[in-house]
Amino acid sequence: MDADFSIELGREDPVLDFPWKDSAGKLAYVDLKRHPELMARIEEAEKFPELREFLRLMNSALSMVETAKCDAWATTELSPEEEVYDASHKFVSYVDVVFSNIVVRQSPLRQSPLRESSLRESSLRESLPAHEQFARKLVELLRRAPETPSAAEVCVRRCYFGEDTGVRQGFYCTLYVSGYGNDSASARQNWAVALKLIGNAIVQLSASGVG
């Protein structure tokens, strides 16, 4: 499986407000980590069962991340770099993820578990090295996966976390997954396989920890 990562922190690069809401107020962030029963509110998840399963896994207790935003679509527009797949169709998705709560051992200062967890979460979400390590290790795992007509890209970007005390600057990752084929059905099938591979890799990373 082709996989790569990038660090995108320039002025023109995408950023994420977390939690987010569109300007019209019709679409907004859904907290699937703590309220999985709200999955039906995610239009893309209802339309694409493969994406729904991926979101369920990413927001489960097995995962160290939680999802913020997603989309999926089919296209016949391929870049010159994608000609290596000898395909006419592509199915692609993106999912924005942020580090979730991480429970750590009690510190010598004997802080409460809630406060200690909050400090650990803050450290990870604000740590560029932790995000780069996560992206690098994820790509390494994906490159070991069986050869498939698919690709993944992990983009580390800037995130603004809205809290009661104000806005805290940190980072998030956008996970792009693409599947290729000579028709829409095969492209979607290869995308679904790639999506499972990246989901399993993130669960594996979550078990070992990052940062």
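User: What counts as buried, exposed or partly exposed here?
Analyst: Buried means under 20% relative accessible area and exposed means over 50%, with partly exposed in between; the model these values come from is a predicted one.

User: OK, is Asp4 buried, exposed or partly exposed?
Analyst: Asp4 has a relative accessibility of 41%, so the residue counts as partly exposed.

User: And which residue does Asp4 form a salt bridge with?
Analyst: The partner of Asp4 is Arg143, with 3.7 Å between the closest N and O atoms. Because Asp4 belongs to strand S1 (residues 2-8) and Arg143 to helix H4, the pair ties together parts that lie 139 residues apart in sequence.

User: How many salt bridges are there in the whole structure?
Analyst: The search finds ten, one of which joins the side chains of Arg34 and Glu66 at 3.0 Å, N to O. Arg34 sits in the loop between strand S2 (15-18) and helix H1 (43-47), whereas Glu66 is in strand S3, so this pair ties together parts 32 residues apart in sequence.

User: Are those two buried or partly exposed?
Analyst: Arg34 is partly exposed at 38% relative accessibility, while Glu66, with a relative accessible area of 1%, is buried.

User: Switching topic, how many residues are in the largest nonpolar core?
Analyst: That core has 46 residues, and those with the most contacts inside it include Leu51, Phe134, Leu175 and Trp191. Several elements supply at least two residues each, among them helix H2 (49-58), strand S6 (166-181) and helix H5 (184-208).

User: Which one gives the most?
Analyst: H5 does, with nine residues. Apart from this core lies another, of nine residues, including Phe18, Trp20, Tyr29 and Val98.

Definitions and conventions. Residues numbered from 1 in each chain as written. Predicted model: local features only at pLDDT ≥ 70, side-chain atom pairs only at ≥ 80, totals over all residues. Heavy atoms only, no water. Core = buried A, V, L, I, M, F, W, Y, C linked by side-chain atoms within 4.5 Å. Buried < 20%, exposed > 50% of the residue type's maximum accessible area, 1.4 Å probe, protein only. Helix = DSSP H or I, 4+ residues; strand = E, 2+ residues; numbered from the N terminus. Salt bridge = Lys/Arg side-chain N within 4 Å of Asp/Glu carboxyl O.
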